[in-house]
Amino acid sequence: MSKATWRSRTAVSAIGVLTLAVTVSPTAAFAVDGAEDAHLTPESVAVLEAALEADPGPATGSLERADGTPESGLVAPEIPSGPAADASDPDAGPVGTDETLTGASGDADGSLGDASPDAEGTLVDEHDTASTVPPISAPAPAAASAPVTASDAMPASYPDPSYSPHWHDGGEHGFSCDYWYFTEPEEGGSGRDWAGWYGQPQLHILHHEIVHEDGSTQMVYDRDIADYWYHAWNGETASPDADGIHWSNTAGQQTVLGNGFKGGVDWDARVADARAFLERAGVTIAYPDSEWMTEENGYTPEEIAASHERYDEFIAYEATQFAVWYFSTGHDVMGLFFVVGEDGSVSLSDYALQQFDAETGSGWQYNGMSDRLATLHGAAWLIEQAINTTWIAPQPGFVSHGYVGNEDGSTDFGFTVTLVGGAGDVNVELRTTDGSALPAGVVLVDSAGRPVTSITPGQRVFVRVPAGTDVVTLPALQIWGSAEGTEQGSPHFYKGRDNSGYDDEGNLTGNDHYLIGFGNLDQKTVAWDWAAIDLAALPPAPVDPVDPVEPPAPVAPVDPVTPVAPTGPTDPISADLADPASTVRVAASLETAAATELDGSLAETGTSAGILFATFLVLVGTGGALTLVSRRRRGAES
């Protein structure tokens, strides 16, 4: 293939790898002409052909390097924007919105475990998951500093609810989408009906990017497999997704990103991060352009290197996307391609390898936007890491301790602040669920009653409600916390709505997409968490029990002046009431013995049983004798 032919073909309008396969390899199974080999149905071919005739998408563009020069290589495809198939359930929300962070990525067999409270007893939110107002703005770059609120007249940034950066799928930076077609196995398939794809199973890889106001890019990934054709190329924006923090698969997906391709603020940084990931995973790439993009065919070393950079970046992105899907509702599909061994190792399934067979497969040997075998091996490595280890992001938590009344009539609702996987103090803030201002007098304070924005883990903060306020009338509240970890980069959660869906009448509609990615890659990890609180449902704080009887002060023993000869055997725990001297002598000697025996004997009896902290003696009349009784008094833990 000549240099001029390659350049002209890469600029042709495309729907992902479908058109790319036509231009790079005329025999590719993904081409419309090769629909029979690709197991496409006639209906699928008709839909795809119609899509190719749709209106073009955004103009071509390119990324800039750190020095401001354009990044060379493949130009952006002219992406069609025609109607797409309706999703089988366009109103379906995310699966697994458990409000408690999991502490592990999944079960040993790779399946998703049920979410459970963390070891520190983080407060589980029992409210409607529609409570989506994110917390304060991100801390200053130096550290997890005090919260910044929208009222501080600073530009909004993640996770401020007003922040809505531009979101696109990579087309604006020259990246086409990539389609992986396949046929479900006759037995043990995914169970999906693929209605949104007209019954044709396929994985649609987009190249999601958040573009911040300063021009820097942030790679983000779909948390679920979309069941319909869509693109984000019509000026879409995304906003912080507070509920995304509490998805039951968050720990697994964060671990994938912690080990995988995070991206970078510019092209050079992205390529460096992609290659570092591929090296960690031990992935070797067979560049799809190596047979024809050579110096003999007129390409310069710089052009060849630029093309390889794009393959490296896209393979790293694609592998990370596959692994993110494994820990999601896409597990039913990803489970077809990856096998988890008894030792936790992950390998490619026979079914996955079959897709590369020229006679019985689905044409994966033609690669498309990546070296597909390298993509799968990179994804397998990421899945294995996430099954066997957990990338720990700081997890602030709040444990309720009920309420207490103050002398001025105000009420304090207490919460012990916890922290797992972080260091230093926890930044705290009280918010209303709907983002409105807090009612007058409702404030977050420390144990001394001072307004608080930062607290040491293990200490308590209090929601103070002024006198005369009925908590039932208060708006729904949330308590937020953020803390700094030891890694680089912070997990970010976004939600965006695409503008590429159409209803039955052809009107433009859209569907929500849930995205996850790492931001602030040049800073220490800062993670946020929150809990919805219902003050009206909280009980009074427990009161430490107080024993009304105080132990008597010890009395020094008195030695009698004249010894009294014993008149007979004496029971060490009783004495004759008719002999006062005997009574005094027995009480005194027993008190001395008790003091000697109990010296240093105070000890913990266990955290659940309390602490034994006092022992004393009393004399109780029982008929004609005094009986010594030893009573232990337990007190609540301090």
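Which side chains meet in a salt bridge at 3.5 Å, N to O? In this predicted model, the side chains of Glu209 and Arg270 do so, at 3.5 Å from N to O, where a salt bridge is a side-chain nitrogen of Lys or Arg within 4 Å of a carboxyl oxygen of Asp or Glu. Residues are numbered from 1 along each chain as its sequence is written. Because the model is predicted, local features need a pLDDT of at least 70 and side-chain atom pairs count only at pLDDT 80 or more, whereas totals for chains, interfaces and linings use all residues, and side-chain values use heavy atoms, with hydrogens and water left out.

The confidence of the model was considered before its details. The mean pLDDT of the protein is 72, and 61% of its residues reach 70 or more, pLDDT being the predictor's confidence in each residue on a scale from 0 to 100. Among the elements of the protein, the highest mean pLDDT, 98, belongs to strand β8 (residues 346-348), and the lowest, 31, to strand β19 (residues 611-622); helices (H or I, at least four residues) and strands (E, at least two) are DSSP runs, numbered from the N terminus. Over residues 1-62 the pLDDT is below 50, and this stretch has 130 contacts in the model beyond near neighbours in sequence, a contact meaning heavy atoms within 4.5 Å. The pLDDT is likewise below 50 over residues 64-153, a stretch with 253 contacts beyond near neighbours in sequence.

A search of the whole structure finds 10 salt bridges. Side chains of opposite charge can pair when their charged atoms come close. Glu209 counts as buried at 0% relative accessibility, and Arg270 counts as buried at 0%, where buried means under 20% relative accessible area, exposed over 50%, and partly exposed in between (1.4 Å probe, protein chains only). Glu209 and Arg270 are also linked with Glu313 in a network of salt bridges.

A salt bridge likewise joins the side chains of Asp178 and Arg372, at 2.7 Å from N to O. This pair links distant parts of the chain, Asp178 in strand β2 (residues 178-181) and Arg372 in helix α9, 194 residues apart. Asp178 is buried, with a relative accessible area of 0%, and Arg372 counts as buried at 0% relative accessibility. In the salt bridge between Arg450 and Asp446 (3.1 Å, N to O), Arg450 counts as exposed at 51% relative accessibility, whereas Asp446 counts as buried at 12%.

Helix α9 (residues 372-388) has 17 residues, which at 1.5 Å a residue should span 24 Å, in agreement with the 25 Å between its end C-alpha atoms; the expected span is 1.5 Å times one less than the number of residues. Of the 17 residues of α9, 12 are buried, so the helix is largely enclosed by the rest of the structure. The buried residues of α9 include Arg372, Leu376, Ala379 and Trp381.

In soluble globular proteins, nonpolar side chains tend to be buried together. Leaving aside neighbours within four places in sequence, Phe322 is in contact with residues including Trp180, Leu203, Met334, Leu376 and Ala379.

Asp312 is found in helix α6 (residues 301-326) and is buried, with a relative accessible area of 3%. Beyond neighbours within four places in sequence, Asp312 is in contact with Ala274, Arg275, Leu278, Ile285 and Tyr287. Gln202, in strand β3 (residues 202-205), counts as buried at 4% relative accessibility, and a polar atom of its side chain lies 3.0 Å from the backbone oxygen of Gln200.

Key
A polar contact is a pair of N or O atoms within 3.5 Å; within protein, one must be able to donate a hydrogen and the other to accept it, and residues adjacent in sequence count only if both atoms are side-chain atoms.
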